[in-house]
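Take a walk through this model, from ring contacts to cavities and on to the backbone.

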Amino acid sequence: MPIKVLEPEVVSKIAAGEVVERPASVIKELIENSLDAGATQISIEAQGGGVELIKVSDNGAGIPASELELAFHRYATSKISNIADLGNIGSLGFRGEALPSIAAVAEVEIVTKTSSDSIGSYMYWRKGDVVRKESRARPQGSTITVRRLFRYFPVRLKFLKSVNTENSHIAHLVSQYALAFPEVKFSLVLDKRLSLRTTGNGDLREVVNEIYGPELAQRMLKVEQKDGLAKVGGLTSPPSLARSNRNYLSFFINRRWVHSPLLTRATEEAYRGLLMDGRHPIAIINISLPVQEVDVNVHPAKAQAKFCHEQAVFSSVQKAIEGTLARTAIASPKAEPFSLSPGQWQSPRMIMDIQPDFVVAQLPTLELPVLRVLGQLANTYIIAEGPSGLYLIDQHAAHERILYDRILTQWSQKEVEVQGLLQPITIELSPREEETLKATREFLTQFGFSIEPFGNRSYVIRAIPALMARANIIEVISGLLDSLASKEGLNPWEEKVAQSLACHGAIRAGQQLSNEEMRELIKQLEQTKQPRSCPHGRPTMIHLSSHQLEKEFGRIG
Ligand code: ADP
Ligand code: MG
């Protein structure tokens, strides 16, 4: 094909595709515009996963009637005017791309009024053209309605996920903005159902309460630190409150929500040695930096940032969180026995200085010999003797393996043992958890859960899998929803469910076991198909063969 310049219509679709990836991206752009306009109230509504309808109303400054049409032009913005401004971006928007991009891939209606215009103005855009334009009354602010998203962009429509998945992205997104702007009153209605409402009274804990529930709201620790470069503020979890994925890490730079591997690492670094393997902190952190210190003009979606002094930002965040954790550790010295985290013990070198070739993963046979329990070490490992030497068994990992196998077997044979609860348990879900539950509730019943809606993001749990009878049910459910929502791992749902249940239902490190219990655990482990590794693939045991022992003690050469 010869080289030619693309038609403007194609160009605008290509550009729009970068800004508007999915319905949640439309909502993101509209919320950012409302915030830039100084709104203190933002209501968001979506139907059909945002494809049928998105409506965002605010009480911000509004757009003057004389500028309304211009606002839909590409690169038309009131927020910056020259190159120098690009280095000093204080607003969330600045590229002048959102409104034209949305109008290129959907039908858009806008009603807006400023304080100086005597009446509001209305405009209706279809396929990138104005089809109606008139005056309309409304109080100061703007309402933008977006219909039939991607209808004229079938490639993108094809890639969208189910309504539930899109709703869960929307719920997550709005939650993030509510966390970043506690002084703004947000409401989110999904398919006519109120999903989230914040009061806008400026209290971050109150927003956390709305989104994640009262336990987190009460227990999260305050982060507040200022150094030469940055001010780091927000809330972070005590080590005893952790999650199985990184969905609960929210970072804002000058209150812009960003995805930042750097900030994730800085936070996790602060928790080093305090969390079990595979557990992640919960944190809501805003970093205030001079605007010249960050470049947010990295991608059209503006969700990434580059720092002039990366290392300095990293250490500001790490130190701020470490400071918070250290202060609390002093205040409550009875912290959980986290030093016993299995992760730290995985290498036998740390127990005694021996050669690394004793790691179990290298042992060829899968079956376990009959073992005799000798005792428990650090309330975490079972010490056992077998025909060919010594075994150290991680009680949590071993129990996880047992439960995992049983759960999957019961499920595949359709013989799940169910335990009805005499006293039903009520659980409050975050907006995002609720969307995940709606998508997976039927599937979860196959595992023995009976969970019924109770209005207002509350759910009543009436029955659970019998294998979970001793677990903390609220933790089980939120762990389960976490792992079903996470994109990490492409495992089928049933494996995710079994893994998550096994992990939450298994006895923990630090728990004292009687000889009887240890014998029973080992007996059950012997009957599993892969007794030597837990469902996450980590070893359940370390084996020191008689031969190795003799070598270590210099009995043989
Ligand atoms: P940008 O936000 O990058 O400037 P947009 O295309 O998102 O570009 O918006 C274009 C312009 O329209 C903004 O600069 C702003 O002046 C105006 N605008 C958009 N939405 C609103 C709103 N909700 N309230 C007031 N003004 C708005
Ligand atoms: Mg914008």
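**Rings, cavities and backbone**

The charged end of Arg243 sits over the ring of Tyr248, 5.0 Å from its centre. A charge counts as over a ring if NZ of Lys or CZ of Arg is within 6 Å of the ring centre and within 35 degrees of the ring normal. Arg136 is placed likewise over the face of Tyr122, 3.7 Å from the ring centre.

This is a predicted model, in which local features need pLDDT of at least 70, side-chain atom pairs count only at pLDDT 80 or more, and totals for chains, interfaces and linings use all residues. Residues are numbered from 1 along each chain as its sequence is written, chains are lettered from A and ligands numbered from 1 in the order in which they are written, and side-chain values use heavy atoms, with hydrogens and water left out.

Now the whole protein. Its secondary structure comes to 18 helices and 22 strands. These are DSSP runs numbered from the N terminus: helices are H or I with at least four residues, strands E with at least two. Along the principal axes, the C-alpha atoms fill a box of roughly 95 × 60 × 55 Å. Of the 557 residues, 50% are buried. Buried means under 20% relative accessible area, exposed over 50%, and partly exposed in between (1.4 Å probe, protein chains only).

A cavity is a set of points, on a 1 Å grid over the protein atoms alone, where a 1.4 Å probe fits but cannot get out; lining residues have an atom within 4 Å of a point. Points are joined across faces, edges and corners, and a volume is the space filled by probe spheres set on them. There are three cavities of 30 Å³ or more.

Rings of Phe, Tyr and Trp (its six-membered ring) pair if their centres lie within 6.5 Å; planes under 30 degrees apart are stacked, over 60 edge-to-face, and the rest tilted. The count comes to seven aromatic pairs. Trp411 and Phe443 pair edge-to-face, 6.2 Å centre to centre, with 65° between the planes. This pair links distant parts of the chain: Trp411 is in helix H13 (residues 395–412), Phe443 in helix H14 (residues 431–445), 32 residues apart. Phe443 is buried, at 13% relative accessible area.

What of the backbone? Most residues other than glycine have a negative phi. Lys414 has a positive phi of about 55°. Lys414 lies in the loop between H13 and strand E19 (418–428) and is exposed, at 76%. Asp191 also has a positive phi, near 45°. Its place is the loop between strands E7 (185–190) and E8 (193–197). Asp191 is partly exposed, at 34%.

Definitions and conventions
1 Å grid on protein atoms, 1.4 Å probe; cavity = no way out; pocket = protein on both sides within 12 Å on 5 of 7 lines; lining within 4 Å.
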